[in-house]
Amino acid sequence: MAENDSKISMRNKKVYQSEPFSPRAEYFNKFTGRESELRFVTAAWIAGDSSLPMSPLLIGEPGVGKNRLIYELAQKTGRQLYIFQGHEDVTSEDLACTVRFSDQTGSVMDYMISPLVTAMYNGGICFIDEIGKIRPRALALLVSVLDERRYIDSTLLGERIHAHPGFRFVAATNTADLNLLPEFIISRMRPQINIGYPPREEIDDILREQCKGIKKEVEKLIDLFWMLWTDHGGKIGAIAPRDAIYLFGWASKLSSFETTGGPKTLMESSLEKPYQLTEGHSFTGIRPEHLKQAFQKLFTDRPAIKD
Ligand SMILES: Nc1ncnc2c1ncn2[C@@H]1O[C@H](COP(=O)(O)OP(=O)(O)OP(=O)(O)O)[C@@H](O)[C@H]1O
Ligand SMILES: [Mg+2]
C-alpha cells in the first residue's frame, strides 16, 4: 500500500492503517461447495438503518477452510478484508493501536492502527483468526465493538473510534480452543457456525481442480487416494481440504523431481552446477507410485501426536 493511502489523521495524530489482505489468485484453487456456510455468514451480516449486523464465529478443525470461506465472502460482498492473527501474546491495546520506531525524519514513533480499527474506520471486514488463542483479558476491548456501542477505545491514541456502517466482523477458532473463549465474548458472537469436513464429492472436486493438467488420470488417482485413506483408518468425508491438497501437491513435487533431473542429477549437482528448483508445469506427471509415496510420508510416517 502506498504510504499516502495508508496514513490518515485521527484527531491531531497521523496514524498508519493496517493493510488489507487480497488473496493472490495463482495460489488459490477454485472455491468449492460450502453453500450453507456462505449463506449463514452473509445473512448474519445483513444490516440496515434499524438493525445491526451480527458477528459470526466459525468453529472447525484445522485445515477445513475457515479462512478460505472468509476470503470468498470478502470478494462476494466487495469489501476490504483486514485479518488480525490471534496468539497468546496479544495485548488488549494490540487490538486497537500499536507504536513502532519511525523511518520518517522528524518523527520518533509511528502509530499503527490494528486491522480491527482499520476495518472499523473504512467499513471493511475484520476477521480475527484463532481468536481462542488470545487471552481473555486482552479481549476486553472487543466487547464494545461487538454490541450496540460499535466503538473501541484506544488508550494510546486517546481516542474512541466508532465503526463505519459498512464494518462487519467475523472470527474463527479451532474446535480445541473454543472452551478458552470467555463468556463475555462467546455470548456476543452469534451465530456460531460449525465448519465440518466437506463431503467426499467436494474433496474430489477440489482435487480435480488442483490436477486440471491430468484430467484423464485424475479419477484413478482420486480412487487410489480414498483406498489409501480408508486402509489407513480414515473415514470417507473426514479429511480436511488442506490435507488432501498437500497430499496431491507433494505427489506432484515427487513427480517433478524426476522431470527436473532426479537422484542422479542431484548427486552430480554442485555450487558450479546447481540443481534446478523451478518446474515448468505442476500436476502433470503424477503416477500412482508418487501418490503412494506421498501418502506414506504425509500420513503413515507422521509421528503420533501425544495428547
Ligand atoms: N471450499 C474450498 N474450496 C477450495 N479449496 C478450499 C476450500 N476450503 C479450503 N480450501 C483450501 O484448503 C486449505 C486450508 O484452508 P484454510 O486455511 O482456510 O483452513 P482453516 O480452517 O483456516 O485452517 P486452520 O484452522 O489451520 O487455520 C487452503 O489451501 C484452502 O484454499
Ligand atoms: Mg485458518
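Start with the crossing of α2 and α3, which is right-handed. Keep in mind as you look around that this is a predicted model. To bring the pair up, select residues 35-45 for helix α2 and residues 66-76 for helix α3; their axes come within 11 Å and cross at roughly 55°. The two helices are therefore oblique to each other.

Now show side chains where these helices touch. On the α2 side, pick Glu37, Leu38, Val41, Thr42 and Trp45; they meet Leu69, Glu72, Leu73 and Lys76 in α3. Colour this contact by residue type and you will find five nonpolar, one polar and three charged residues.

Next stop: helix α8. Select residues 215-231, a helix of 17 residues. From first C-alpha to last, α8 reaches 25 Å, close to the 24 Å expected at 1.5 Å a residue. Step just past the end of α8 and click Gly233, which takes a positive phi of about 100°.

Which residues of α8 are buried? Highlight Val218, Leu221, Ile222, Leu224, Phe225, Trp226, Leu228 and Trp229.

Show Leu221, Leu224, Phe225, Leu228 and Trp229 in α8, then their partners in α11: Pro288, Leu291, Lys292, Phe295 and Phe299.

Conventions:
Residues are numbered from 1 along each chain as its sequence is written. Chains are lettered from A and ligands numbered from 1 in the order in which they are written. This is a predicted model: local features need pLDDT of at least 70, side-chain atom pairs count only at pLDDT 80 or more; totals for chains, interfaces and linings use all residues. Side-chain values use heavy atoms; hydrogens and water are left out. Axes are lines fitted to C-alpha atoms, for helices over the stretch in contact, and angles run from 0 to 180 degrees between N-to-C directions. Helices (H or I, at least four residues) and strands (E, at least two) are DSSP runs, numbered from the N terminus. Angles under 35 degrees count as roughly parallel, over 145 as roughly antiparallel, 65 to 115 as roughly perpendicular and the rest as oblique. A crossing is left-handed if the near helix is turned anticlockwise from the far one by less than a right angle, and right-handed if clockwise. Contact means heavy atoms within 4.5 Å. Ala, Val, Leu, Ile, Met, Phe, Trp, Tyr, Cys and Pro count as nonpolar, Asp, Glu, Lys and Arg as charged, and the others, Gly among them, as polar. The expected span of a helix is 1.5 Å times one less than its number of residues. Buried means under 20% relative accessible area, exposed over 50%, partly exposed in between (1.4 Å probe, protein chains only).
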